[in-house]
Amino acid sequence: MKKNLRISAQQKRSVISLDDHSKISLITQIKYCLDKIFFFNHNIKTASLYYPINNEIVPFEFTKYFEERKIVMSMPVVDIKKKSMLFRKWSPKDELTIGPLGNLEPTHEKEIIFPQIMIVPMLMFDREFFRLGYGGGYYDKTIIKLKKHFQKQNFFFITVGLAYSALEINKLPREKHDMNLDYIVTEKECFFNP
């Protein structure tokens with residue numbers, strides 16, 4: 001079921017192109033989402049973004065907001081053997097290297113960061129805040145680890161999914177390890193998990 005959905009979602013996403021109005025609306029929704037997050041959570045010091053591939057929504061509008069607030073930014077680095085990710089410090093001027101899944105990553109000498117806000121790419125989503133990814137389980141496993149890490153320290157940990165509104169589905173099939181998100185942002189709206 002998920003395999004077929006992934007194929008369909010990738011095909012659908014590959015031809016999506018946002019017009020100027022939708023791009024402006026997306027920026028507005030991202031800002032609204034971040035204003036809401038920072039209004040309720042004052043001690044956020046770290047965040048992670050991703051480098052977009054396969055027509056994923058470009059997340060770099062978050063960068064301006066994070067830079068203004070002196071948030072330390074990072075990007076995921078994939079470990080295929082452990083089927084996990086860690087995050088290394090990143091800034092827009094940094095050179096990136098090609099990771100094992102074809103994604104761009106910070107180089108290995110960059111400092112490891114534990115992001116309190118994780119911006120998450122996805123293929124599809126539903127209104128129960130579940131996402132459909134590429135099937136490796138990297139994000140789900142990492143979300144579980146980071147939730148535990150920050151709970152011990154009594155710090156906030158927030159996940160923000162970024163997707164095209166056209167890729168919303170009524171209800172995604174789910175498995176035990178699937179983690180739902182705190183916020184989802186599309187070019188039409190930002191909604192949050194109460």
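Strands are DSSP runs of at least two residues, numbered from the N terminus. In this predicted model, the loop between β2 (72-79) and β3 (84-89) holds Lys 82. Lys 82 counts as exposed because its relative accessibility is 64%, the cut-off for exposed residues being over 50%. On the surface, Lys 82 gathers with Lys 83, Lys 141 and Lys 145 in a patch of positive charge.

Ile 119, in strand β7 (residues 117-121), is buried, with a relative accessible area of 0%. Beyond its neighbours within four places in sequence, Ile 119 is in contact with residues including Ser 48, Tyr 50, Phe 62, Phe 66, Tyr 139 and Leu 162. The C-alpha atoms of Ile 119 and Ala 166 lie 19 Å apart, at a sequence separation of 47 residues.

Eleven salt bridges were found in the whole structure. Lys 110 pairs with Asp 94, with 3.4 Å between the closest N and O atoms. This pair links distant parts of the chain, the loop between β5 (104-105) and β6 (112-113) and the loop between β3 and β4 (97-98). Lys 110 is partly exposed at 27% relative accessibility, whereas Asp 94 is buried at 18%.

Asp 126 and Arg 174 form a salt bridge with closest N and O atoms 2.6 Å apart. Asp 126 lies in the loop between β8 (124-125) and β9 (131-132) and Arg 174 in the loop between β10 (158-162) and β11 (183-185), so the bridge ties together parts 48 residues apart in sequence. Asp 126 is buried at 0% relative accessibility, and Arg 174 is partly exposed at 29%. Salt bridges that share partners join Asp 126, Glu 128, Lys 171 and Arg 174 into one network.

Definitions and conventions: Residues numbered from 1 in each chain as written. Predicted model: local features only at pLDDT ≥ 70, side-chain atom pairs only at ≥ 80, totals over all residues. Heavy atoms only, no water. Patch = residues over 30% accessible without salt bridge, like charges linked within 9 Å, V, L, I, M, F, W, Y side chains within 5 Å. Areas by Shrake-Rupley, 256 points an atom, 1.4 Å probe, with all protein chains shown as cover. Salt bridge = Lys/Arg side-chain N within 4 Å of Asp/Glu carboxyl O. Lys, Arg positive; Asp, Glu negative; His and termini not counted. Charge placed at Lys NZ, Arg CZ, Asp CG, Glu CD. Helix = DSSP H or I, 4+ residues; strand = E, 2+ residues; numbered from the N terminus. Buried < 20%, exposed > 50% of the residue type's maximum accessible area, 1.4 Å probe, protein only. Contact = heavy atoms within 4.5 Å.
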